Amino acid sequence: MALAARVFSATLMLTAVLFGDISTAGEVFTMSQLKAAVNECNDTYFLSQKNWDTVFTTGSLEDENDLVAKCFFECVLEKTGAMDEKGNINSDITKAVFLASHEGTGTAVQGHDDLIDMCVPGRDETDICERGYALVKCVTVEELSRRQARK
Ligand SMILES: *[C@@H]1O[C@H](CO)[C@@H](O)[C@H](O)[C@H]1NC(C)=O
């Protein structure tokens, strides 16, 4: 029992060290919390798996004029607390949420948090769906180009 507890806390510490390399955000978010938000938002603003995959492999929606799809991303950001209903972005939570999306995949890039710090200040879209989507797009496009550069 005591040993199990120690092994467990050692694992937690190791995880913290590994992630600490990539993110220093003071917030923690998990993949399962993210999935719950995605599922909830998918009930309101349907986003097909294909469209989701397109965003994260190309950095853009299949149709850049699809406001419902943009609202899907805004919904996820709002449900996770990364953005409020007025469109104010919490950078720490945003970092944690994006990091959670890479949980267990090994796809998080070095300097992960910098991408968010880079993408948040430019958000001047007045429509919150446009703003939420623009944030996701900005981070994703940057991530894709860094991953490309690393190959
Ligand atoms: C939304 O729901 C549909 C139907 O259940 C599913 O196929 C799709 O993968 C879901 N979208 C996301 C982004 O999870």
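The structure is a predicted model, in which local features need pLDDT of at least 70 and side-chain atom pairs count only at pLDDT 80 or more, while totals for chains, interfaces and linings use all residues. Residues are numbered from 1 along each chain as its sequence is written.

The protein contains 7 helices and 0 strands, in the order α-α-α-α-α-α-α from the N terminus. Helices (H or I, at least four residues) and strands (E, at least two) are DSSP runs, numbered from the N terminus. Of the 151 residues, 30% count as buried. A residue is termed buried if 20 or more other C-beta atoms, placed from the backbone, lie within 10 Å of its own, exposed if 12 or fewer do, and partly exposed in between. Among contacts with a separation of 6 or more, 68% join residues 24 or more positions apart; two residues are in contact if their C-beta atoms, placed from the backbone, lie within 7 Å.

Helix α7 has 23 residues and spans 33 Å from its first C-alpha to its last, close to the 33 Å expected at 1.5 Å a residue, where the expected span is 1.5 Å times one less than the number of residues. The buried residues of α7 are Ile-128, Arg-131, Gly-132, Tyr-133, Leu-135, Val-136, Val-139, Thr-140 and Glu-143. Their cover includes α3, α4, α5 (91-100) and α6 (112-119).

Two packed helices are described by the angle between their axes and the distance between the axes. For α4 (residues 67-80) and α7 (residues 128-150), the angle is about 75° and the axes are 7 Å apart. Axes are lines fitted to C-alpha atoms, for helices over the stretch in contact, and angles run from 0 to 180 degrees between N-to-C directions. The two helices, α4 and α7, are therefore roughly perpendicular to each other, a term applied to angles of 65 to 115 degrees, with angles under 35 counted as roughly parallel, over 145 as roughly antiparallel and the rest as oblique. On the α4 side, the contact involves Leu-67, Lys-70, Cys-71, Phe-73, Glu-74 and Leu-77, which meet Ile-128, Cys-129, Glu-130, Gly-132, Tyr-133, Leu-135 and Val-136 of α7. By class, this contact of α4 with α7 has 9 nonpolar, 1 polar and 3 charged residues. Ala, Val, Leu, Ile, Met, Phe, Trp, Tyr, Cys and Pro count as nonpolar, Asp, Glu, Lys and Arg as charged, and the others, Gly among them, as polar.

Leu-47 lies in the loop between α2 and α3 and counts as buried because it has 21 C-beta neighbours inside 10 Å. Beyond four places in sequence, Leu-47 touches Asn-42, Trp-52, Ala-69 and Phe-72.

Elsewhere, Lys-95 of helix α5 is buried, with 26 C-beta neighbours inside 10 Å. By contrast, Glu-85, in the loop between α4 and α5, is exposed, with 8 other C-beta atoms within 10 Å. Glu-85 and Ile-128 are 43 residues apart in sequence, yet their C-alpha atoms are 7.7 Å apart in space.
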